[in-house]
Amino acid sequence: MSDFAQAGGYAVFRITSRQSPEGGVYLSAGIHGDEPAGTEALVRWAENNPGILRKLPCVIFPCLNPWGLVNNSRLDESARDLNRTFQHDHVPHIQALKAFIKPYRFTLALNLHEDYDGQGLYLYELERRTPFWGEELIEIARPLMPIEGRTMIDNRRASKAGLLRRKIDINKLSAIPEAVFLHLLHAERTFTFETPSEFALEERVRVQEVLIEECIQRTLKA
Ligand SMILES: [Zn+2]
């Protein structure tokens, strides 16, 4: 583990295991500081799985907006949404992250988020590799938490309850989120998990952890 940058007066940490630029996984949370379940789940999952970390090359960013986490803020200390800055190099620690992963091609990238409007779990699957995993991931989460019932989420229509599978059209994007950046340049499969941040923290952490575990097991088997 190393603190590879500073942001808002806090260290930003990166955890890497078995350095290899090909075929590992990228796990990231806390780019929105008011979405703590992802950070907690990622740290917990890593602590509980030293054996997997030894086997699988992992690059883990457990909290990309530490100032936001401390201050319960989606935005950083300069009121920036860091998840809309991947097209630029003006945020030093995002720029450092991009420089670090430049040689990497990941089999899997997971971006852990939460939604304060959320009424249950939902996820984004960026469309490329088949068979898709989204439907089965929803079923794995279902016993642990309600699945989001809204069919329109952030002005996008869910393809089925809880699942937003998207094809990326770069020309339609005004800003590049982390997941899209990874999908375009670095990752074969990219997911964003969204737990409802008004639900109990422990329940949200558990769901995130179970989904991380499922995706990692599928990656190990592939
Ligand atoms: Zn978010």
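Reader: Which residues are buried in H4?

Author: In H4, the buried residues are His93, Ile94, Leu97, Lys98, Phe100 and Ile101. Please keep in mind that the structure is a predicted model. The word "buried" requires a relative accessible area under 20%, and these six residues of H4 carry that label.

Reader: What do the buried residues of H4 pack against?

Author: They pack against S1, S2, strand S3 (22-29), strand S4 (58-61), S5 and H6. Contact here requires heavy atoms within 4.5 Å.

Reader: Which residues of H5 are buried, and what covers them?

Author: In helix H5 (134-141), the buried residues are Gly134, Leu137, Ile138 and Ala141. Because their arc around the axis is only 100 degrees, these residues are on the same side of H5. The elements that cover them include S6, strand S9 (163-166), S10 and helix H7 (201-221).

Reader: Why is Ala37 called buried?

Author: The cut-off for a buried residue is under 20%. Ala37 has a relative accessible area of 0%, and therefore Ala37 is buried. Its place is in helix H1 (residues 36-48). With neighbours within four places in sequence left aside, Ala37 is in contact with Glu114, Thr195, Leu201, Arg204 and Val205.

Reader: Why is Thr151 called partly exposed?

Author: Buried would require a value under 20%, and exposed a value over 50%; partly exposed is in between. The relative accessibility of Thr151 is 48%, so Thr151 counts as partly exposed. Thr151 is found in the loop between H5 and strand S7 (152-153). Beyond its neighbours within four places in sequence, Thr151 is in contact with Arg156, Arg157 and Ala158.

Reader: What makes the phi of Asn72 and that of Ala79 worth a remark?

Author: The phi of Asn72 is near 50 degrees, a positive value in a residue other than glycine. Ala79, which is not a glycine, has a positive phi of about 60 degrees. Asn72 lies in the loop between helix H3 (66-71) and helix H4 (92-101), and Ala79 also lies in the loop between H3 and H4.

Reader: Why do Asn72 and Ala79 count as exposed?

Author: The label "exposed" requires a value over 50%. Asn72 has a relative accessible area of 57%, so Asn72 is exposed. Ala79 stands at 54% relative accessibility and therefore counts as exposed.

Reader: How do you know that S1 and S2 pair?

Author: Two strands pair if there are at least two bridges between them. Five bridges join strand S1 (residues 2-7) to strand S2 (residues 10-17), and the two strands run antiparallel. Ser2, for instance, stands opposite Arg14 in S2. The hairpin of S1 and S2 has two residues between the strands, and Gly8 in this hairpin takes a positive phi near 60 degrees.

Reader: How do you know that S5 pairs with S3 and with S10?

Author: At least two bridges are required in each case. Seven bridges join S3 to S5, which run parallel, and S5 and S10 pair in the parallel sense over nine bridges. Val25 has Leu108 in S5 as its bridge partner, and Leu112 has Phe193 in S10 as its bridge partner.

Reader: What makes S5 a mostly covered strand?

Author: In S5, 10 of its 11 residues are buried.

Reader: What supplies the lining of the largest pocket?

Author: Strand S5 (105-115), strand S6 (122-126), helix H6 (178-185) and strand S10 (187-196) each supply at least two residues. The largest share, four residues, comes from S5. The lining has 32 residues in total, and those nearest the centre of the pocket are Arg74, Asn83, Arg84, Tyr124 and Asp154. By class, 10 lining residues are nonpolar, eight are polar and 14 are charged. About 730 Å³ of space lies in this pocket.

Reader: Which two residues does a cis peptide bond join?

Author: The bond joins Thr130 and Pro131, and its omega is about -5 degrees. Pro131 is in the loop between S6 and helix H5.

How values were computed: Residues numbered from 1 in each chain as written. Predicted model: local features only at pLDDT ≥ 70, side-chain atom pairs only at ≥ 80, totals over all residues. Heavy atoms only, no water. 1 Å grid on protein atoms, 1.4 Å probe; cavity = no way out; pocket = protein on both sides within 12 Å on 5 of 7 lines; lining within 4 Å. Points joined across faces, edges and corners; volume = space filled by probe spheres on them. Nonpolar A, V, L, I, M, F, W, Y, C, P; charged D, E, K, R; others polar. Buried < 20%, exposed > 50% of the residue type's maximum accessible area, 1.4 Å probe, protein only. Arc of directions from axis to C-beta.
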